[in-house]
Amino acid sequence: MTAEKNIVPHGHIISMHDRRELLAQNSKIIWFTGLSGSGKSTIAGRVEEMLNERGFLTYLLDGDNIRTGLNKNLGFNDEDRNENIRRIGEVSKLFIDAGVIVLTAFISPFKADRQLVRDLVAKGDFIEIFINCPLEICELRDPKGLYKKARAGEIKDFTGISSPFEIPHRAEIEIRSDQMGVEQAAEKIVKLIKPKIELD
Ligand SMILES: Nc1ncnc2c1ncn2[C@@H]1O[C@H](COP(=O)(O)OP(=O)(O)OP(=O)(O)O)[C@@H](O)[C@H]1O
Ligand SMILES: [Mg+2]
């Protein structure tokens with residue numbers, strides 16, 4: 001363990017405020033949560049395109065991509081899932097500090113982990129989007145063939161099958177992705193977050 005008492009953070013001259021002014025935007029974490037196959041990556045990707053078209057600088061952190069790099073040493077047991085989200089939270093916080101709007105697409109099944117990230121940043125800088133889709137539909141979509149493998153017992157700790165998903169009760173936005181298409185979902189999200197990311 002590092003001797004934290006000997007660590008003294010340096011106060012730098014250029015601040016988050018300066019970077020937000022330079023980019024003319026309010027940086028936020030747009031946190032997508034939901035079952036595998038609910039549509040987090042698909043919808044977040046479309047939201048990112050729409051924001052870019054409107055001149056916002058964004059960065060999308062996506063589950064599998066992060067798990068092949070920064071978090072490639074982590075698995076899917078509860079402890080590793082906690083650490084996965086903790087690291088994503090800290091990286092997202094750096095993006096907020098950089099003035100960039102960060103979109104994240106992780107199942108993030110545990111309420112406590114999502115709360116931990118919410119508490120890392122200033123009030124209002126964490127916008128939780130629950131991509132709500134019944135398990136049966138996600139399983140029918142099965143874009144990566146993972147539900148099939150999980151049902152066959154080839155994947156352990158699979159969310160919705162052998163590991164829990166704790167429903168968010170305080171998400172700022174909820175999308176029923178079984179009831180609306182990708183385009184409509186993305187448009188709804190952009191409409192709701194635009195006033196929050198525009199510089200006052
Ligand atoms: N309304 C919808 N919204 C989002 N995706 C939809 C919708 N209708 C159908 N789909 C399809 O469902 C699939 C969703 O897969 P996607 O990879 O986005 O899920 P995910 O939530 O990112 O899953 P994972 O946690 O495994 O990464 C895609 O194949 C997408 O085309
Ligand atoms: Mg995904």
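**Figure 1. Lining of the largest pocket in the predicted model.** Helix α2 supplies the largest share of the lining of the largest pocket, four residues. Helices and strands are DSSP runs (H or I of at least four residues for helices, E of at least two for strands), numbered from the N terminus. Each of α2, α3 (63-67) and α4 (78-98) contributes at least two residues to this lining. In total 35 residues line the pocket, and S36, G37, K40, I107 and K144 lie nearest its centre. The volume of the largest pocket is about 640 Å³. A pocket is defined on a 1 Å grid over the protein atoms alone, as an open set of points where a 1.4 Å probe fits, with protein on both sides within 12 Å along at least five of seven lines; lining residues have an atom within 4 Å of a point. Grid points are joined across faces, edges and corners, and the volume is the space filled by probe spheres set on the points. The model is predicted: local features need pLDDT of at least 70 and side-chain atom pairs count only at pLDDT 80 or more, whereas totals for chains, interfaces and linings use all residues. Residues are numbered from 1 along each chain as its sequence is written, chains are lettered from A and ligands numbered from 1 in the order in which they are written, and side-chain values use heavy atoms, with hydrogens and water left out.

**Figure 2. The salt bridge between R114 and E128.** Side chains of opposite charge can pair when their charged atoms come close. A salt bridge is here a side-chain nitrogen of Lys or Arg within 4 Å of a carboxyl oxygen of Asp or Glu. For R114 and E128, the N to O distance is 2.9 Å. Because R114 belongs to helix α5 (residues 111-120) and E128 to strand β4 (residues 126-132), the pair ties together parts that are 14 residues apart in sequence. R114 is buried at a relative accessible area of 3%, and E128 is buried at 4%. Buried denotes under 20% relative accessible area, exposed over 50%, and partly exposed in between (1.4 Å probe, protein chains only). A network of salt bridges links R114, R118, E128 and E172. The whole structure contains 15 salt bridges.

**Figure 3. The salt bridge between E139 and R151.** The closest N and O atoms of this pair are 2.7 Å apart. E139 lies in helix α6 (residues 135-141) and R151 in helix α7 (residues 146-151), so that the pair links distant parts of the chain, 12 residues apart. E139 is partly exposed, with a relative accessible area of 24%, whereas R151 is exposed at 52%.

**Figure 4. The largest nonpolar core, around I175.** In soluble globular proteins, nonpolar side chains tend to be buried together. A nonpolar core is a set of buried Ala, Val, Leu, Ile, Met, Phe, Trp, Tyr and Cys residues joined through side-chain atoms within 4.5 Å. The largest such core has 22 residues, and F32, V47, I175 and I189 have the most contacts inside it. Two or more residues of this core come from each of β1 (29-33), α2 (40-53), β3 (101-105), β4, β5 (173-176) and α8 (182-197). Helix α8 gives the most, with six residues. A second, separate core of 12 residues includes L61, I96, V102 and V117. Residues up to four places away in sequence aside, I175 touches I43, I129, F130, I131, N132, M180, A185, K188 and I189, where contact means heavy atoms within 4.5 Å.

**Figure 5. C133 and C138, two cysteines without a disulfide.** C133 is buried at 4% relative accessibility, and C138 is buried at 0%.

**Figure 6. D142 and D157, two residues with positive phi.** Most residues other than glycine have a negative phi. D142, which is not a glycine, has a positive phi of about 30°. D142 is placed in the loop between α6 and α7 and is buried, with a relative accessible area of 16%. For D157, phi is near 55°. D157 occupies the loop between α7 and β5 and is partly exposed at 22%. The side chain of D157 also meets that of K156 in a salt bridge (3.7 Å, N to O); K156 is exposed at 65%.

Note on methods: A disulfide is a pair of cysteine sulfur atoms within 2.5 Å.
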